[in-house]
Amino acid sequence: MHKKRPKFLDVKSIRLPIPGIVSILHRISGVALFVCLPLLLCLFAGTLSKESAFESYQAWVNNPLVILILIGLLWAYLHHSLAGIRFLLLDAHKGLALQTARATAKAVFVAAIVLTVVIAGVCLL
C-alpha cells in the first residue's frame with residue numbers, strides 16, 4: 001500500500017487553528033519571561049535599595065521603548081498564566097470537546113489582551 005504524499009508543503013498557506021496559536025504563544029511567552037527575568041529582578045532590586053536609586057530607575061523606566069517592553073512582558077505573563085490554567089484543565093479532561101477547546105482558546109487570547117490593556121492603562125495614568 002503506497003500513500004500519495006505531497007512533495008511540497010507551502011508553509012505560508014497552512015492555517016493553524018486558534019488552539020495551536022495559543023499553544024505556540026504559551027511557549028513563546030514562557031521563553032520571553034524566562035529570558036527577561038534577570039532584567040525584572042534587577043529593576044525590582046534597584047528600586048528597593050535607596051531613594052536616589054529608585055528615582056534613577058523611575059527615569060529609566062519612563063523611556064517609551066522600556067514601557068513597550070514592560071507592556072509586552074505584562075502580556076506574556078498574563079497569556080502564559082491564563083493558557084497554563086487552560087492546559088491544566090485540559091489535562092484534567094475538562095473542555096476536551098472541539099467547540100469547547102476552541103472557545104477556551106479564544107477566551108484566553110482575548111482575556112490576555114484585554115487584561116493587558118486595562119492593567120497597562122491603569123499603571124500609565
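Colleague: Which residues of helix 1 are buried, and what covers them?

Modeller: In this predicted model, the buried residues of helix 1 are Val22, Leu25, His26, Ser29, Gly30, Leu33, Leu40, Leu43 and Gly46. An α-helix has 3.6 residues a turn, so residues three or four places apart point the same way. The cover over these buried residues includes helix 2, helix 3 and helix 4.

Colleague: Why does His26 count as buried, and what is its relative accessible area?

Modeller: His26 belongs to helix 1, which runs over residues 18–49. Beyond its neighbours within four places in sequence, His26 has contacts with His79, His80, Ala83, Gly84 and Phe87. Buried means under 20% relative accessible area. His26 therefore qualifies, its value being 15%.

Colleague: At which residue does helix 1 bend, and how far apart are its end C-alpha atoms?

Modeller: The bend is about 50°, with Pro38 following within four residues, and it is located at Cys36. At 1.5 Å a residue, the 32 residues of helix 1 should span 46 Å, which agrees with an end-to-end C-alpha distance of 44 Å.

Colleague: Which helix gives the most residues to the lining of the largest pocket?

Modeller: The largest pocket holds about 630 Å³ of space. Its lining has 18 residues, with Leu43, Phe44, Val61, Leu70 and Cys123 nearest the centre; by class, 15 are nonpolar, three polar and none charged. Helix 1, helix 2 (51–61), helix 3 (64–91) and helix 4 (98–124) each contribute at least two residues. The most, five residues, come from helix 3.

Technical notes:
Residues numbered from 1 in each chain as written. Predicted model: local features only at pLDDT ≥ 70, side-chain atom pairs only at ≥ 80, totals over all residues. Heavy atoms only, no water. Buried < 20%, exposed > 50% of the residue type's maximum accessible area, 1.4 Å probe, protein only. Contact = heavy atoms within 4.5 Å. 1 Å grid on protein atoms, 1.4 Å probe; cavity = no way out; pocket = protein on both sides within 12 Å on 5 of 7 lines; lining within 4 Å. Points joined across faces, edges and corners; volume = space filled by probe spheres on them. Nonpolar A, V, L, I, M, F, W, Y, C, P; charged D, E, K, R; others polar. Expected span 1.5 Å × (residues − 1). Bend = angle between axes of the 7 residues up to and from the residue.
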